[in-house]
Amino acid sequence: NSFSSFFGSSLANKCAMNGNWYYEVTLITDGLMQIGYAMEQCQFISEDDIGRGVGDDKHSWAIDLNRQILWHFEDELSTSKPFHKHKWESGDVIQVYLDLEKKTLEFGVNGIHLGPAFQNVEVGTGLYPGISMDKENECVFNFGQTPFKYSVEPGFQPFCMVGK
């Protein structure tokens, strides 16, 4: 997708339809970012004044520890909810755990599990790791193609193994 405006979004080129998956995101900067999963039906809008990204509709789920909230649009009254007191910083490693057997999505920061984030996550035609962020921010995704900084919890596989 596009990072040509203030707020851009992007999805990985592989999706998960079953199983339990893990990936990490190392933050180079600590600004506005929404990290999680989205279906291909997710409608991104990358305009300065009304940016919509991962977590901003019913087809996606995201964590944003700059604002310390979770994002998922269930209805007109619920797009975000407060989550955890940790505010991310440059150098933090965000851990993302997708359990499609239990239909849950959970997160960790620097090896500390943050507890339940989302339940009843829909799979649809597949879930893609995704991010939305201000264009001046930077991060590095690791799907397991290089060693993870933190141990993968039992029962989870590196996301790079999807489809293998």
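Here are a few friendly notes on this predicted model, point by point.

1. Some ground rules come before the details. Residues are numbered from 1 along each chain as its sequence is written, and side-chain values use heavy atoms, without hydrogens and water. Because this is a predicted model, local features need pLDDT of at least 70 and side-chain atom pairs count only at pLDDT 80 or more, while totals for chains, interfaces and linings use all residues.

2. The largest nonpolar core has 36 residues. Such a core is a set of buried Ala, Val, Leu, Ile, Met, Phe, Trp, Tyr and Cys residues joined through side-chain atoms within 4.5 Å; buried means under 20% relative accessible area, exposed over 50%, and partly exposed in between (1.4 Å probe, protein chains only). Ile 35, Tyr 37, Ile 63, Leu 105 and Phe 107 touch the most other members. Among the elements that give two or more residues are strands S2 (20-27), S3 (33-38), S4 (60-64) and S8 (104-109), and S2 gives the most, with four residues. Strands here are DSSP runs (E, at least two residues), numbered from the N terminus.

3. Leu 105 deserves a look of its own. Leaving out residues up to four places away in sequence, Leu 105 touches Tyr 37, Trp 61, Val 96, Tyr 97, Leu 98, Ala 117, Phe 118 and Val 121, where contact means heavy atoms within 4.5 Å.

4. On the aromatic side, there are 10 pairs. Rings of Phe, Tyr and Trp (its six-membered ring) pair if their centres lie within 6.5 Å; planes under 30 degrees apart count as stacked, over 60 as edge-to-face and the rest as tilted. Trp 21 and Phe 159 have ring centres 6.2 Å apart and planes at 75°, so this pair is edge-to-face. Trp 21 sits in S2 and Phe 159 in the segment after strand S12 (157-158), 138 residues apart.

5. Strand S10 is mostly covered, with seven of its seven residues buried. Strand S1 (residues 7-11) runs antiparallel to S10 through five bridges, with Gly 8 opposite Met 133. S3 also runs antiparallel to S10, joined by six bridges, and here Tyr 37 stands opposite Pro 129. Strands pair if DSSP finds at least two bridges between them.

6. Which phi values might you check? Gln 68, in the loop between S4 and strand S5 (69-75), has a positive phi near 60°. Lys 103, in the loop between S7 and S8, also has a positive phi near 60°. Most residues other than glycine have a negative phi.
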